[in-house]
Amino acid sequence: KKITPKKDTYVIASDSAFAPFEFQNSSNEYVGIDVDLLKRAAELQGFNIEFKFIGFSAAVQAVEGNQADGMIAGMTITDERKNSFDFSNAYFQSGIQIAVKKDNTSIKSYEDLKGKTVGAKVGTESADFLAANKDKYGFKVKNYDAADQLYEAVKVGAVDAIMDDYPVIGYAISQGQELATPIAKESGGEYGFAVKKGQNSELIDMFNEALAEMKRTGEYDQIVNKYISNGS
Ligand code: GLN
C-alpha cells in the first residue's frame with residue numbers, strides 16, 4: 001500500500017556515529033543499517049528525505065524542537081519516550097551491555113564495578129541504566145556526547161568500563177577494537193523510527209509499509225547482513 005507524503009522533503013535526524021547503524025565510510029559518506037533502511041523506504045514509498053547526522057541526544061532535541069520531522073538512530077522504543085514520540089513498528093532487536101578493555105580481568109559482574117567509573121553516551125538507554133544502578137553497585141557515571149569520545153575513554157583508561165548497545169560493541173570488536181564483554185547483556189530493547197508525538201503520522205505509516213515490504217522481499221535481511229555477519 002502506498003501512502004501519500006505531505007511534505008516535499010522530510011528532515012531526518014540521526015546519530016553522528018553509531019556503527020553499524022550510521023557511520024561514515026572511508027569516502028566520508030554516511031552508510032549503515034538505519035541509513036540504508038530509511039533510504040530504501042523512501043524509494044519504495046516515494047518520499048524525499050534529508051539526513052542530518054547530529055548525534056543521538058541532539059537528534060532527540062531536534063525532533064522535540066520541530067527542527068527535524070523524524071529520527072532514525074538505533075533508538076530504543078521505551079514507555080518514557082512514548083510520552084513525546086510516536087514510534088514505527090520495531091525494526092531491530094537490540095540490548096545494552098558493559099564493555100571493558102580486553103586485558104581487564106577484574107570486572108566480571110556489576111558488583112565488580114564498585115568504586116569504578118563507567119561511561120555512556122548522553123541521553124541513551126545505557127546512560128539511563130547506569131544512572132538507575134550506580135548507587136546499587138557503587139560506581140560513578142561519566143557521560144560523553146559522541147561514540148568516538150566514549151570508546152577513546154575506555155581505551156585510554158579514563159573510564160573502567162562503558163555501556164552501549166551490544167551490536168555496536170560487537171561491531172567495534174569486529175573492527176579491531178580491543179574490548180571484551182564479560183557481563184551478560186540486558187535483554188530487550190527494540191529499535192524504532194520516531195516522529196514527534198502527534199506529528200508526521202504519514203511518515204510512520206510509510207516506514208511501516210516499506211519495512212513490511214522489505215521483510216517480505218528479503219531486502220531487510222540483505223541490508224542487515226551487509227553490515228552484521230551472521231551469528232554476531
Ligand atoms: N539504543 C540506545 C537508545 O535508544 C542508543 C541509541 C544511540 O546511541 N544511537 O538510547
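These legends walk through a few views of the predicted model above.

Residue numbers start from 1 along each chain as its sequence is written. Because the model is predicted, local features need pLDDT of at least 70 and side-chain atom pairs count only at pLDDT 80 or more, while totals for chains, interfaces and linings use all residues.

View 1. The C-alpha atoms fill a box of roughly 55 × 35 × 30 Å along the principal axes.

**View 2. The shell around the ligand.** Asp15, Phe18, Phe56, Lys121 and Asp165 are among the residues found here, each counted when its C-beta atom, placed from the backbone, lies within 6 Å of the ligand. Four of the shell residues are nonpolar, three polar and four charged; Asp, Glu, Lys and Arg count as charged, Ala, Val, Leu, Ile, Met, Phe, Trp, Tyr, Cys and Pro as nonpolar, and the others, Gly among them, as polar. Domain 1 (9-93 + 190-227) and domain 2 (96-180) both supply shell residues, so the ligand lies between them; the domain bounds come from an automatic or database assignment.

**View 3. Ile162 and its contacts.** Beyond its neighbours within four places in sequence, Ile162 is in contact with Ala99, Val118, Gly119, Ala120, Leu150, Ala153 and Val154. Two residues are in contact if their C-beta atoms, placed from the backbone, lie within 7 Å. Across the protein, 76% of the contacts with a separation of 6 or more join residues 24 or more positions apart.
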